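Colleague: Please show me the model, and let us then go through the terms used to describe it.

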Amino acid sequence: MDRYALWMTQAQIDQLALEAAIEQARKSLREGGIPIGSALVTGEGVVVALGHNLRVQSGDPTAHAETVCIRNAGRRRDWHTLTLASTLSPCAMCSGTAVLHRIPRIVIGEHTTFLGREDWLAASGAAIVLANDQRCVAMMREFIKKRPDLWDEDIGIPERGGSGSGARSAGRTKRRR
């Protein structure tokens, strides 16, 4: 354990986790993927796992950042003591995974561009820390502007066609995935 971690406040640990998640989001973007990152940290501020969205890179539709991060953490018995940070509000699958493992604290970079299932997290008793980090907002807005097709695919909006059923509007971006 880092000898300085004992002196960190909860706010500093949350920020450390979010910074690690932001770096993971940038990594995904560099790899041609969706810029969402996640980190899992202990109450002492030790990063135990990292993950970024790998859906594009791996072809795995379940490879969302939070799920990849939790998978990277491996088998554990201390989930109930950890904090999960994500650059974007966790979707239903990722929120469900956090609830399943009883992760008690979730740090969310932003939920302006997408609102996930924060209601599930809250109902489970998890503490939700919304950072409203403008770097996270800007990264997602830029990505959605450049790659609306890939974003629609990620959040489950059908391919646009002649019927109009898959047409996207500015308000649809905030739909839960």
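**Terms and values**

Modeller: Helices α6 and α7 are roughly perpendicular to each other. This is a predicted model, in which local features need pLDDT of at least 70, side-chain atom pairs count only at pLDDT 80 or more, and totals for chains, interfaces and linings use all residues. Residues are numbered from 1 along each chain as its sequence is written, and side-chain values use heavy atoms, without hydrogens and water.

Colleague: Why are α6 and α7 called roughly perpendicular?

Modeller: The axes of α6 (residues 134-146) and α7 (residues 148-155) cross at roughly 110° and come within 5 Å. Axes are lines fitted to C-alpha atoms, for helices over the stretch in contact, with angles from 0 to 180 degrees between N-to-C directions. Angles of 65 to 115 degrees count as roughly perpendicular, under 35 as roughly parallel, over 145 as roughly antiparallel and the rest as oblique. The pair is therefore roughly perpendicular.

Colleague: Which residues make the contact of α6 with α7?

Modeller: Met140, Phe143, Ile144, Lys145 and Lys146 of α6 meet Pro148, Leu150 and Trp151 of α7, where contact means heavy atoms within 4.5 Å. By class, six are nonpolar, none polar and two charged.

Colleague: What makes Arg102 exposed?

Modeller: Buried means under 20% relative accessible area, exposed over 50%, and partly exposed in between (1.4 Å probe, protein chains only). Arg102 has 65% relative accessibility and therefore counts as exposed. Arg102 is found in the loop between α4 and β4, and its phi is positive, about 60°, although it is not a glycine.

Colleague: Why is Asn132 called partly exposed?

Modeller: Its relative accessibility is 40%, so Asn132 counts as partly exposed. Asn132 lies in the loop between β5 (127-130) and α6, with a positive phi near 50°.

Colleague: How do you know that the buried residues of α4 are on the same side?

Modeller: In α4 (residues 92-100), Cys94, Ser95, Thr97 and Ala98 are buried. These residues cover an arc of only 155° around the axis, which puts them on the same side of α4; the arc is that of the directions from the helix axis to the C-beta atoms. Their cover includes α3 (65-73), β3 (83-86), β4 (105-108) and α5 (118-123).

Colleague: What makes β1 and β2 a pair?

Modeller: Two strands pair if DSSP finds at least two bridges between them. Five bridges join β1 to β2 (residues 47-52), and the strands run antiparallel. Gly37 has His52 as its bridge partner in β2.

How values were computed: Helix = DSSP H or I, 4+ residues; strand = E, 2+ residues; numbered from the N terminus. Nonpolar A, V, L, I, M, F, W, Y, C, P; charged D, E, K, R; others polar.
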